[in-house]
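Please consult the sequence and the model shown below while reading.

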Amino acid sequence: MPEPPPIRSYLYAPGSNPRVMEKALGAGADAVILDLEDAVGPDDKLVARDRVAAVITGAGAAGGGELHVRINRAADGPDLDDLAAVTTPGLTGIRLPKVESAAEVRAVAGALDTLEQAAGMAAGTVLLYLSIETAAAALAAAELAAAPRVARLVFGATDFLADIGAPGTADGPATVVARGMLVLASRAAGIGAPVDSVHTALDDEEGLRRSACSARALGFFGKSVIHPRQIAVVHQVFTPTSGELAEARRVLAHVEVHGDGASVLDGQMIDAAVVARARRIVAMTERTHG
């Protein structure tokens, strides 16, 4: 599977509202999620499919960036009719809500094999982002992360707290164990770091920054957002600082001279782990700056 892009922000837009979807495409998020699930009322589900497919087609023709769709769940798992309607050139990701088993993920991945071919898309174009919203899903994180096409696990803190019956905030102590499980499962499966939950208070910039910083410190990368005003803060948190980038480049320059073996730079041990982190920081910065 190709390496997932270093997406810092995932901006939701309701799939039933063409005007909001078009505005979202120009808002500056690294990825836009056209939502067919929670943001769309029951009576608007079918028309939303057509509207989302039209937006994807237009964005694809214009050479747009990362464009994802959150599909619904049917009675027996992910809604494959939603999937078929939106798998068209321009689509790069599918967010699966309320994932319950790796078998469901494999079914979606298999359907995408056929749908991509029928749409004339390169095999493997569309990657999967799995929403982990229950205790059962968190416990199955290792199996889910290893399923085909999975790019990242996405933590759904609000639903998770409701599922376990715990009070507190999305980044409070009740979520720490589950968050850690997602980080470990992602790393063990060799996929991208997990994505953090939305911060629902639009006027709480300080809380948004605190939440994003906490997630980054735990090993997450990127955050879902519900309004364009949240993008700048999230990008600041998940973009390496100039100091981190300078230090990473200094480490790599040192390695160029002294080789990959363990060595010392200004009293700091430079080993394989330090070098790997430095390379990730440089690569991440280059990719997030185009």
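Pro173 counts as exposed, at 75% relative accessibility; buried means under 20% relative accessible area, exposed over 50% and partly exposed in between, with a 1.4 Å probe and protein chains only. The model is predicted: local features need pLDDT of at least 70, side-chain atom pairs count only at pLDDT 80 or more, and totals for chains, interfaces and linings use all residues. Residues are numbered from 1 along each chain as its sequence is written, and side-chain values use heavy atoms, with hydrogens and water left out.

**Pro173 and its position**

- Pro173 lies in the loop between α7 and α8 (176–189); helices (H or I, at least four residues) and strands (E, at least two) are DSSP runs numbered from the N terminus.
- The C-alpha atoms of Pro173 and Glu247 are separated by 32 Å, and the two residues are 74 residues apart along the chain.

**The sheet**

- Seven strands form an open sheet in the order β8-β7-β6-β3-β2-β1-β9, with parallel pairing; two strands pair if DSSP finds at least two bridges between them.
- β8 and β9 (223–225) stand at the edges with a single partner strand each, so one side of each is left without a neighbour in the sheet.
- Strand β7 (residues 127–132) pairs with β8 in the parallel sense over five bridges.
- Leu128 has Val150, in β8, as its bridge partner.
- Helix α1 (residues 18–25) packs on the sheet and touches β1, β2 (31–35) and β3 (66–70), where contact means heavy atoms within 4.5 Å.
- The direction of α1 makes about 165 degrees with that of β1; axes are lines fitted to C-alpha atoms, for helices over the stretch in contact, and angles run from 0 to 180 degrees between N-to-C directions.

**Positive phi values**

- Most residues other than glycine have a negative phi.
- Lys98, in the loop between β6 (93–96) and α4 (102–119), has a positive phi near 50 degrees and is partly exposed, with a relative accessible area of 31%.
- Arg149, in the loop between α6 (141–145) and β8, has a positive phi of about 70 degrees and counts as buried at 10% relative accessibility.
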